[in-house]
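Please keep the viewer open and follow along.

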Amino acid sequence: MKKVARPRVVIVGAGFGGLAAAKRLSGKAVDVTVVDCRNHHLFQPLLYQVATAALSPADIAAPVRSILSKAPNVRVVLDEAIGVDPLQRLIELGSGASLEYDWLILATGARHSYFGRNDWAANAPGLKSIEDATAIRRKILLALERAESETDPDKRRALLTFVVIGAGPTGVEMAGAIAELARRSVSKDFRSITPHCSRVILIEAGERVLPAFPSSLSDAARRSLEDLGVEVRLRSPVLDVGSGYVQLGNELILGRTIVWAAGVEASPAAEWLDAEHDTSGRVFVEPDLRVSGQERIFAIGTPPMLLGRTAVRSRPSLPSPSSRASMSPTSSWGTPPSPSNIETSETWPRSAEAKL
Ligand SMILES: Cc1cc2nc3c(=O)[nH]c(=O)nc-3n(C[C@H](O)[C@H](O)[C@H](O)COP(=O)(O)OP(=O)(O)OC[C@H]3O[C@@H](n4cnc5c(N)ncnc54)[C@H](O)[C@@H]3O)c2cc1C
């Protein structure tokens, strides 16, 4: 008997969105291929704990293959998608291979955005991957170790100054966790570093921390940070970042550890499709999450990929790069989007993680 070809669904990205889609399609009459450039799914909300040595990488990462091992119609491919040909229904992969699809789900998430100042990245790494988290952890721990034996007071001060740029959720979490580590925990293990030696500075261009949350919560978060010893600098756009310094207006802050938590932009799916998108690379989707103008391609996941037409059209224009530098424009974690609020929601999904 002739075998009837089943629809081929390719999902690019095994983050919360991609895995949720793959699980929903498990056992259905389709052949699913999940492509990710990493072999592990990452629980990003706990990255800051890895960056501050409270958790190890293995605690927040799990092999994609194992997660999907019980889904007989789902296979996993370790590769990077580098392009899509919607006419041929082909995905080009970094390895040189290609994948054919009948239906494509793009769930590639977000990457750091330095608002046109990519030269800042080397000195102010962001926090999106295990590699980022372990690199930041190495910086923090080495700074503390070096400070312990540094005799020059200026060098020691710079080693013990930790700067976090951007007071969205990631920046607030990072600043709090660094303060706990640098001002509390290490005082037990080090001899010359006391809780008062370290400075943790959280820089925000806007009026308040957690700008996407109600102001009462922003105030409570700021007070909690200050209780931990974090210096919160509001209305302080970053003008420059270099090796060991951050320039704010007339003030030069010298600090060996600088963390970027000020912004993300969508992965380059919009470029692949030559699709209509906003300045952060977010594609426009229809209410059923189909990419506008594409019959067979959906975009799901982090809202940098997921804006309805209404939301984008009514959105005020973004501020200038310098004032955006600590605004965390897309770091607002809130209620999960549902089909009825997707068109107007710019919040990040909470739901997917609970289902994994
Ligand atoms: C530090 C941090 C803390 C956070 N804390 C919270 C929180 O407390 N609460 C909350 O609700 N949200 C939080 N978030 C946001 C939450 O993690 C994201 O909303 C969620 O991860 C988005 O899921 P996603 O599937 O869209 O993208 P992601 O989880 O980013 O997954 C995208 C996947 O696509 C893969 N990929 C990307 N490009 C390609 C390519 N070209 N080819 C192949 N694969 C590719 C990536 O490797 C990745 O596996 C946090 C995020 C960060 C960074």
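## Contacts and overall make-up

Among contacts in the protein chain between residues at least 6 apart in sequence, 65% link residues at least 24 apart; two residues are in contact if their C-beta atoms, placed from the backbone, lie within 7 Å. This is a predicted model, in which local features need pLDDT of at least 70 and side-chain atom pairs count only at pLDDT 80 or more, while totals for chains, interfaces and linings use all residues. Residues are numbered from 1 along each chain as its sequence is written.

The protein chain holds 12 helices and 21 strands. Helices (H or I, at least four residues) and strands (E, at least two) are DSSP runs, numbered from the N terminus. Of its 356 residues, 46% count as buried, a label given if 20 or more other C-beta atoms lie within 10 Å of a residue's own, again with C-beta atoms placed from the backbone.

## Around the ligand

Which residues come closest to the ligand? They are Gly 13, Gly 15, Gly 17, Gly 109 and Gly 301, out of 31 residues that surround the ligand (C-beta atom, placed from the backbone, within 6 Å of it). Helix 1 (16–25), strand 2 (31–36), helix 2 (47–51) and helix 7 (169–189) each give two or more residues to this shell, and helix 1 gives the most, with three.

Domain 1 (8–47 + 57–111 + 264–316 + 338–355) and domain 2 (118–260) each supply at least three residues to the shell; the domain bounds come from an automatic or database domain assignment.

Two strands pair if DSSP finds at least two bridges between them.

Four bridges join strand 15 (residues 245–248) to strand 16.

## A look at Leu 68

Leu 68 sits in the loop between helix 4 (64–67) and strand 5 (74–78). Why does Leu 68 count as buried? Because Leu 68 has 20 C-beta neighbours inside 10 Å.

Not counting residues up to four places away in sequence, Leu 68 touches Ala 22, Val 34, Val 74 and Val 76. Ala 22 is 46 residues from Leu 68 in sequence, yet their C-alpha atoms are 8.0 Å apart in space.

Conventions
A residue is buried if 20 or more other C-beta atoms lie within 10 Å of its own, exposed if 12 or fewer, and partly exposed in between; C-beta atoms are placed from the backbone.
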